[in-house]
Amino acid sequence: MEPIIQIQNVTKTFTGKDNQVEALKGISLDIEKGDIYGIIGMSGAGKSTLVRCLNFLEKPTTGTVLIENQDLSAMSEKELRKTRTEIAMIFQHFNLLMQRNVLDNVCFPMEIVGVKKADARKRAMELLEIVGLKEKAKSYPAQLSGGQKQRVAIARALANNPKILLCDEATSALDPTTTKSILQLLKQINRDFGITIVIITHEMAVVQEICSHVAIIDNGELAESGTVEEVFTSPKTAAAKKLVFMVNPQATEMRGKRCIRIVFSENSSFEPVIANMVLECKAPVNILLADTKDIGGIAHGQMILQLPEDETAAAKMIHYLQERKLTVEEVDSYVG
Amino acid sequence: MWDSTVVKMIAEGTLVTLYMTLVSTLAAYVLGLPMGIILVVTAKDGLRPNKLIYKTLDFIVNIVRSVPFLILLILVIPLTRAIVGKAYGPTATIVPLVLAAAPFIARMVESSLLEVDKGVIEAAQSMGAGLWTIIWKVLLGEARTSLIVGATIVLGTVLGYSSMAGIVGGGGLGDIAIQYGYYRYQADIMWVTVILLVVLVQIMQVFGTRLSKKLDKRTR
């Protein structure tokens with residue numbers, strides 16, 4: 001299938017008074033139609049700049065971006081504006097018009113493309129129904145909670161039937177429960193309308209929750225990309241490992257002892273793997289990190305275990321886990 | 001001495017003052033509003049950065065703003081004569097009032113528009129909004145309460161300036177205060193005009209504040 005977004009060797013340099021900052025250092029990435037593509041990185045990694053290059057809110061210094069094979073850098077101002085109506089965007093701070101009510105906020109993008117007022121209002125009400133805020137149509141943004149504001153922003157983003165939805169840290173200002181509901185809404189939108197979604201975030205949990213693919217940006221460079229499962233199960237680069245493990249700083253005290261990381265992806269969540277292993281091997285383990293969840297009876301997630309000092313028991317444990325088809329790797333090299 | 005002639009004179013003076021203030025403010029906005037918008041749009045991080053236009057306009061605004069009104073009033077007499085045909089009277093006073101108020105308005109508008117959240121502007125751009133849509137619907141729309149508060153301040157200032165024009169026969173309440181209070185030592189007439197000026201400013205202030213509060217949807 002043709003990629004809907006092609007990022008080709010994009011660099012972006014910001015020139016200050018007496019210094020230059022290379023925000024992006026040659027990034028190439030293809031995003032397929034229908035993907036929910038996560039772009040993750042630490043703050044300052046350049047991911048927000050990258051997402052703004054996808055609708056040319058930031059023009060790349062070199063390189064280009066193709067949307068459905070159309071080169072954005074070759075477009076006139078007018079063509080670019082037309083293309084932007086097909087690439088919607090939502091933001092960390094929602095960016096709603098504070099002096100307009102919810103309904104008029106959703107109508108705003110339709111005003112820009114010249115939809116008749118009555119038609120725009122009708123469509124806006126339908127969209128508010130989808131995001132579950134129909135009864136708030138006459139409210140003003142200041143009267144809404146963060147999650148509600150983001151729902152309005154999503155309704156607004158869908159107004160002109162975009163092909164792509166860019167989300168710039170869209171859940172970073174929200175609490176975990178609200179984040180989850182917003183992510184579910186995005187998932188539903190992706191499924192129901194086939195809109196390709198690009199999600200910029202610094203939280204691995206967001207990527208795990210809904211993304212099909214992920215790219216890891218580190219210091220302006222693409223560190224790693226692939227399906228979420230690939231990257232999550234076997235991160236290759238230091239940047240990827242750092243994000244995937246999100247290690248508790250206290251873990252550094254365990255230096256010098258053997259630690260392993262286990263990834264759950266196909267085991268039954270009804271099987272108490274770790275407890276059975278401890279009973280079988282008759283030695284204790286120290287759970288340094290555990291982040292697992294039950295998705296449809298299958299355990300997903302990861303654990304980091306500190307193994308007993310007794311080498312035989314440790315080897316037996318690794319063997320036991322590998323027998324149960326868990327991905328096991330030693331992680332003492334990365335800690336810190 | 002508080003006969004019908006004096007009362008009539010003061011009533012007329014009040015109307016003349018209102019005429020000068022309102023017409024000048026309106027005309028000054030015709031000049032100052034676009035100037036303020038251009039300042040914001042052409043600024044370094046504006047929507048269409050343009051150093052030459054920005055610097056030129058910024059310089060002109062600063063120059064005119066730093067000339068005291070009374071001096072400006074006298075400086076522009078040749079221009080006033082060319083436009084109105086004479087250099088005294090209410091209509092003639094409008095010329096220097098507009099010239100003084102326009103740069104002041106430009107600065108007020110500039111600061112109001114700069115308060116608009118950059119993120120909202122970015123959002124509009126991401127939707128494919130053009131420059132005019134952003135200026136009209138985002139900048140002016142979102143800054144409307146601040147613009148109204150600004151206009152209230154401008155009205156008060158222009159009212160004050162119009163009184164100053166009484167020195168050179170500008171007409172209105174200021175003129176009466178100077179003629180009777182200063183030249184003829186009739187303090188009572190001067191006090192009445194001063195009180196009327198204060199009342200006018202108060203009315204404008206209350207009206208402006210109410211309107212801006214009513215239109216502000218950011219609270220609650």
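The side chain of A:Lys47 comes to 3.3 Å from the backbone oxygen of A:Met42. This is a predicted model, so please read each distance and area here as computed from predicted coordinates. A:Lys47 belongs to helix α1 of chain A, which covers residues 47–53.

Is A:Lys47 buried or exposed? With a relative accessibility of 4%, A:Lys47 is buried, because the cut-off for that class is under 20%. Setting aside neighbours within four places in sequence, the residues in contact with A:Lys47 are A:Ile39, A:Ile40, A:Gly41, A:Met42, A:Glu169, A:Ile200, A:Thr201 and A:His202.

## Chain B at a glance

Let us turn to chain B. Its secondary structure consists of ten helices and zero strands, and read from the N terminus the order of elements is α-α-α-α-α-α-α-α-α-α. The C-alpha trace of chain B extends over about 70 × 45 × 25 Å along its principal axes.

Of the 220 residues in chain B, 47% are buried. Taking the contacts in chain B between residues at least 6 apart in sequence, 73% bring together residues at least 24 apart. The accessible surface of chain B amounts to about 11,400 Å², and carbon and sulfur atoms account for 70% of that surface.

## A nonpolar patch on chain B

Which residues form the nonpolar patch on the surface? They are B:Leu70, B:Ile71, B:Ile74, B:Leu75, B:Met164, B:Ile167 and B:Val168, and together they have about 600 Å² of accessible area.

Helix α3 of chain B, residues 69–75, is the element that gives the most to this patch, supplying four residues. B:Ile71 sits in that helix, α3 of chain B. The relative accessible area of B:Ile71 is 45%, and this residue is partly exposed.

## Where the two chains meet

The contact between the chains draws on 26 residues from chain B and 24 residues from chain A. Between them, about 2,100 Å² of area is buried, with carbon and sulfur atoms giving 56% of it. On the chain B side, the residues that lose the most area to chain A are B:Ser126, B:Met127 and B:Lys217, which together make up 29% of what that side buries.

The most come from α6(B), with seven residues.

The interface also carries two salt bridges. One pair is B:Glu122 with A:Arg52, where the closest N and O atoms are 2.4 Å apart.

## Salt bridges within the chains

Side chains of opposite charge can pair when their charged atoms come close. Over all chains, the count is 18 salt bridges. In chain B, B:Arg107 and B:Asp58 form one of them, with 2.6 Å between the closest N and O atoms. This pair links distant parts of the chain: B:Arg107 lies in helix α5 (residues 90–114) of chain B and B:Asp58 in helix α2 (residues 51–66) of chain B, 49 residues apart. B:Arg107 is buried, at a relative accessible area of 19%; that value qualifies because buried means under 20%.

Another salt bridge joins the side chains of B:Asp216 and B:Arg218, at 2.9 Å from N to O. Its two partners fall into separate classes of accessibility: B:Asp216 counts as buried at 18%, whereas B:Arg218 is partly exposed at 39%. Elsewhere, salt bridges with shared partners connect A:Arg52, A:Asp168 and B:Glu122 in one network.

Chain A has a salt bridge between the side chains of A:Glu323 and A:Arg324, with an N to O distance of 3.6 Å. Here A:Arg324 is partly exposed, at a relative accessible area of 28%.

Definitions and conventions:
Residues are numbered from 1 along each chain as its sequence is written. Chains are lettered from A and ligands numbered from 1 in the order in which they are written. This is a predicted model: local features need pLDDT of at least 70, side-chain atom pairs count only at pLDDT 80 or more; totals for chains, interfaces and linings use all residues. Side-chain values use heavy atoms; hydrogens and water are left out. A salt bridge is a side-chain nitrogen of Lys or Arg within 4 Å of a carboxyl oxygen of Asp or Glu. Buried means under 20% relative accessible area, exposed over 50%, partly exposed in between (1.4 Å probe, protein chains only). Helices (H or I, at least four residues) and strands (E, at least two) are DSSP runs, numbered from the N terminus. Patches are made of residues with over 30% relative accessible area and no salt bridge: like charges are joined within 9 Å, nonpolar side chains (Val, Leu, Ile, Met, Phe, Trp, Tyr) within 5 Å. Accessible areas come from the Shrake-Rupley method with a 1.4 Å probe; for residues, only the protein chains shown count as cover. Contact means heavy atoms within 4.5 Å. Buried area is the accessible area (1.4 Å probe) that two parts lose on being put together, summed over both. A polar contact is a pair of N or O atoms within 3.5 Å; within protein, one must be able to donate a hydrogen and the other to accept it, and residues adjacent in sequence count only if both atoms are side-chain atoms.
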